[in-house]
Amino acid sequence: MSNLDQLETRSADAREADQLAQLLPLLAHINAAQNSCLTGVDKVQSLADLRHLPVLRKSDLGKWQAEKPPFGGILTNGVTRLFQSPGPIYEPGGSTPDWWRFARFLRAAGIGADDVVQNTFSYHFTPAGAMFESAVIAVGAQVFAAGPGQTELQVRAAVDLGVTAYAGTPDYLGAILAKADEMGVDLGHITKAVVSGGPLFPQVRAAYAARGITCLQCYGTADVGHIAYETQADAPMVIDEGAIVEIVTPGTGDPVPIGEVGEVVVTALNADYPLIRFATGDLSAIVPGMSDCGRTNMRLAGWKGRADQATKVKGMFVRPEQVARLVERHPEIHRARVEVGHNGKTDTMLVKLETDGSDLAAYAASISEVLKLRGEVEIVSRGVLPRDGVVIADLRQVS
């Protein structure tokens, strides 16, 4: 049986039409709500129009939730679970099948009705355990609600319950396998692993493959749920059908060209908890073309770093949002990059500008006013600055 569904194989036009049909009623509902924290949704008539709406950040959620607990005035429906992530930030959860949309990832990994999944994601405070449990149930498999820790008991349960698949962070599977080796226990019946919550290094994946375990990873957050997933080892992640993903310049809501690195911004098509243009804080890029697995949605290149590049210079923070305002002040500036260094005595700041202009004095004045610091200015030709999503590069060497 194929592990693809009809949504995964549809045309780009059909996908956009369907997502827009889901999005517009959500925006209208949000716009009509007196307690909504989002404004300007009436401007959106296409998916491309999302760029006109503000980006929603974790800091915004924290502020809104403090003012209007528990969810900051964001519309919620069908909420049956409540979670708390560091911050604290509170997230809702529902009980409808696969509420967080991770089942598509499990099917891509070949998990189905014949599997017993050992779910080692935490069930405490944060939603990761519930996310994967709901997905396991949605694909018809059985779930052992293990949670993390107590590794020796994890080994014993894996044997006694006939576990065939692992769900958890990439490294913890290795700890379970090592403990099994130490105990003289064979866990050869575990042949599948679905992981998230940390980097899956190539050598770790290879070590699992050597034991006959196919390990795939996905990308999601507690706020918006599932975002993208691997369908085969070492391939770019395919974006989930229930998420609209944009890649934008850090500090702005402006989409970057396909293939260029920027911040991942997600609009979740979840009528129970609609988050619009949620900034994950992660850097990635859209990979051109389609997967050879048959899925037709866009693909993510994987994690490329953090978008929150706030850097303290001479005791003052410089943030990507400030760099964005600097560019906005001068229409002839195409992009900017701040490089922070140290000359052995004090911090230094060099601001490189891709611009056709030449008014160094005006640029220096704007830098001083917007960044609140004085710095050197260097004008470079268009295309010289790297397209790596970095707008503030800290080049100081810390021993």
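Mentor: Let us begin with a definition: helices (H or I, at least four residues) and strands (E, at least two) are DSSP runs, numbered from the N terminus. This is a predicted model, in which local features need pLDDT of at least 70, side-chain atom pairs count only at pLDDT 80 or more, and totals for chains, interfaces and linings use all residues. Residues are numbered from 1 along each chain as its sequence is written, and side-chain values use heavy atoms, with hydrogens and water left out.

Trainee: Over residues 110–266, how far apart are the end C-alpha atoms?

Mentor: UniProt, in an unreviewed entry, places the feature "domain: AMP-dependent synthetase/ligase" at residues 110–266. UniProt positions are given in the numbering used here, feature names are shortened, and annotations may be inferred rather than shown by experiment. Over residues 110–266 the chain is 28% helix and 27% strand, and the distance between the end C-alpha atoms is 26 Å.

Trainee: What is the area buried between domain 1 and domain 2?

Mentor: An automatic or database domain assignment supplies the bounds, dividing the protein into domain 1 (12–306) and domain 2 (311–394). The contact, meaning heavy atoms within 4.5 Å, takes 9 residues from domain 1 and 8 residues from domain 2. Buried area is the accessible area (1.4 Å probe) that two parts lose on being put together, summed over both. Carbon and sulfur atoms give 58% of the area between domain 1 and domain 2, which is about 640 Å².

Trainee: How many salt bridges are counted between domain 1 and domain 2?

Mentor: A salt bridge is a side-chain nitrogen of Lys or Arg within 4 Å of a carboxyl oxygen of Asp or Glu. R57 forms a salt bridge with E321, with 3.8 Å between the closest N and O atoms. Between domain 1 and domain 2, the count of salt bridges is 2.

Trainee: Which residue's backbone oxygen does the side chain of T280 reach?

Mentor: T280 lies in strand β12 (residues 278–284) and is buried, with a relative accessible area of 10%; buried means under 20%, exposed over 50%, and partly exposed in between (1.4 Å probe, protein chains only). A polar contact is a pair of N or O atoms within 3.5 Å; within protein, one must be able to donate a hydrogen and the other to accept it, and residues adjacent in sequence count only if both atoms are side-chain atoms. The side chain of T280 makes such a contact with the side chain of Y219 (3.0 Å). At 3.0 Å, the side chain of T280 also reaches the backbone oxygen of V264.

Trainee: Is Q150 buried or exposed?

Mentor: Q150 is found in the loop between β4 (142–145) and α5 (151–160), and has a positive phi of about 50° although it is not a glycine. Most residues other than glycine have a negative phi. With a relative accessibility of 58%, Q150 counts as exposed.

Trainee: How is F125 classed at 46% relative accessibility?

Mentor: F125 sits in the loop between β3 (116–119) and α4 (128–138). Although F125 is not a glycine, its phi is positive, about 70°. At 46% relative accessibility, F125 counts as partly exposed.

Trainee: What is omega for the cis peptide bond that joins G87 and P88?

Mentor: Most peptide bonds are trans. A cis peptide bond joins P69 and P70, with omega about 0°. P88 lies in the loop between β1 and β2 (89–94), and for the cis bond joining G87 and P88, omega is about -5°.
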